[in-house]
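Thanks for coming, everyone. I would like to walk you through one structure this morning, and I will go slowly enough that you can follow along on the screen.

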Protein chains: 2
Amino acid sequence: MAKVLLIDDDRKHSELLQAYFKRFGIQLVCAGDAQEGLRKLRREDPDLLLLDVMLPGKDGFEICREVRRTSDIPIIMLTARGDVIDRVSGLELGADDYVGKPFEPRELVARVQAILRRLEPGHSRSGKLVFEGLVVDPDARTAIIDGQPADLTSMEFELLLILARRPGKKLSRDEILSELRGIDAAILTRAVDIMVSRLRHKLGDSAKPSRFIQTIWGRGYSFVGVPAADAESP
Amino acid sequence: MAKVLLIDDDRKHSELLQAYFKRFGIQLVCAGDAQEGLRKLRREDPDLLLLDVMLPGKDGFEICREVRRTSDIPIIMLTARGDVIDRVSGLELGADDYVGKPFEPRELVARVQAILRRLEPGHSRSGKLVFEGLVVDPDARTAIIDGQPADLTSMEFELLLILARRPGKKLSRDEILSELRGIDAAILTRAVDIMVSRLRHKLGDSAKPSRFIQTIWGRGYSFVGVPAADAESP
DNA sequence: ACAGTTTGTTTCGGATTGTTTCGCAGGCAC
DNA sequence: GTGCCTGCGAAACAATCCGAAACAAACTGT
């Protein structure tokens, strides 16, 4: 499930949006000010950032500038003011889109999805995910490691798919579990660990700097495979 | 120079935009109808497609759908009608952005640039950080010292990343801690010192004039690695 | 029903991270 | 230069988290 961070001081409004986004399968995480926002940006590692320009203290532009110093995350700015100057400077600061308030929630969702769609590697025509030394084919449900087909169980394959679809993304055990099975969330076992462990073993990924699946201590796991260079362009 | 294809039946308008885009270093290629547009899409191989919805014959939505069957090119739709339904369906058809007419040319240029910026290779901040004797790769989460891969824990790696991303910047312990974990601000332990110490050790950075991480007495730490020649700008 | 496979739980050893403490070095006053 | 005080480095210890083996439960196909 996609995760979006909203920085907006209007809590009422945030909660409405949160419920609305949920209906489209998007998890909206809310922050009320710049400080909380920057913290959650690191802790939650969202896929996209929604930034209200009008904030107490640091304003949206400043946050945008700050975030852009260290992150490439897509940013959509939200503002009451509809000035062209505003919109243009927002976009030039590195924002990816700019939506004027009041906006239709439906449109905002559509714009969020439009941007996320581009980032999903799975949207390219050939369904295959190709990395150096690893090819995952979601259609055929096969994984090939260094030319050798791997004999994965369906759960192991799903797990690999979840990880490989979002290279570099830090996924918590909770997130992995809720993607694997419906919304279970509650985690008190080591099921994910053991699946990762078995998958790693079959991937021959036992070297110390893991080639494919890395452990983020205290957080979860992350896929770090290097995308192969032979990208397509139809 | 970026190349953009505009499909619009208003030739006068197209020519104005063409001149305007040129001032921003963007070559605007114009087509007056669907047929010409699809032909030029193949012939000119533009980086982005501007699509007027109101066209004689095939309308913009249809063209969008058709283009999307074979191409991933970014599409911005232009329309007179400002309906939310319109905008949403445009975005859901695979358009990347949707601008209502009348629009400010300046804003359109900014939106075009925002999308093109993402496609440019080398723009990605996730490129490797290259210093003399040290390469940090945020994607693979690896660090290489004098050609030797370093065996860093995930926290050590995060710390190195924080420092190496802002060479020369003096970072207080507070700042480092709030980037590493959420905001704890209140610092009464020596956690950062220890992590720096362990990191230095693994970096083989024990010489007196520290090669990579320098202590700023009474303030914090600073990364002093020398950027290698071929690094790209922040 | 049965055997084999797949998935989940328990448990323990080891790795990673955090805290305390002590010795030492850098800065400051004289 | 000398002595003092503050801040830093590192070792030792403690708390937390992860990896893997062993075992149990659930599922599959016959």
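Before the helices, a definition: axes here are lines fitted to C-alpha atoms, for helices over the stretch in contact, and angles run from 0 to 180 degrees between N-to-C directions. Please keep in mind that this is a predicted model, in which local features need pLDDT of at least 70, side-chain atom pairs count only at pLDDT 80 or more, and totals for chains, interfaces and linings use all residues. Residues are numbered from 1 along each chain as its sequence is written, while chains are lettered from A and ligands numbered from 1 in the order in which they are written. Helices (H or I, at least four residues) and strands (E, at least two) are DSSP runs, numbered from the N terminus.

Let me begin where the two protein chains meet. Counting two residues as in contact if their C-beta atoms, placed from the backbone, lie within 7 Å, the contact takes 33 residues from chain A and 34 residues from chain B. On the chain A side, α2 (34-44), α4 (84-92), α5 (105-119) and β11 (213-216) each supply at least two residues, and the largest share, six residues, comes from α5(A). By class, that side of chain A has twelve nonpolar, seven polar and 14 charged residues, where Ala, Val, Leu, Ile, Met, Phe, Trp, Tyr, Cys and Pro count as nonpolar, Asp, Glu, Lys and Arg as charged, and the others, Gly among them, as polar.

How does α5(A) pack against helix α4 of chain B, and at what angle? The angle is about 15°, with the axes 9 Å apart, and therefore α5(A) is roughly parallel to α4(B), a description kept for angles under 35 degrees, with over 145 being roughly antiparallel, 65 to 115 roughly perpendicular and the rest oblique. The residues that meet are Arg106(A), Glu107(A), Ala110(A), Arg111(A) and Ala114(A) from α5(A), and Val84(B), Arg87(B), Val88(B), Leu91(B) and Glu92(B) from α4(B). This helix contact divides into five nonpolar, no polar and five charged residues.

DNA strand C is surrounded by 20 residues, the closest being Thr153(A), Met155(A), Thr189(A), Thr153(B) and Met155(B). Helices α6 (154-164) and α8 (191-202), in chain A and in chain B, each supply at least two residues of that surface, which divides into ten nonpolar, six polar and four charged.

DNA strand D is likewise surrounded by 20 residues, and here the closest are Ser197(A), Thr215(A), Asp193(B), Ser197(B) and Thr215(B). For this surface, α8 of chain A and α8 of chain B each supply at least two residues, and the classes are six nonpolar, eight polar and six charged.

Finally, the strands, which pair if DSSP finds at least two bridges between them. In chain A, β11(A) and β12 (residues 220-223) pair in the antiparallel sense over four bridges, with Gln214(A) bridged to Ser222(A). These two strands form a hairpin with three residues between them, and Gly218(A) in the turn has a positive phi of about 80°. In chain B, three strands form an open, antiparallel sheet in the order β10-β12-β11, whose edge strands are β10 (170-172) and β11 (213-216), each pairing on one side only.

Key:
A residue is near a molecule or strand if its C-beta atom, placed from the backbone, lies within 6 Å of it.
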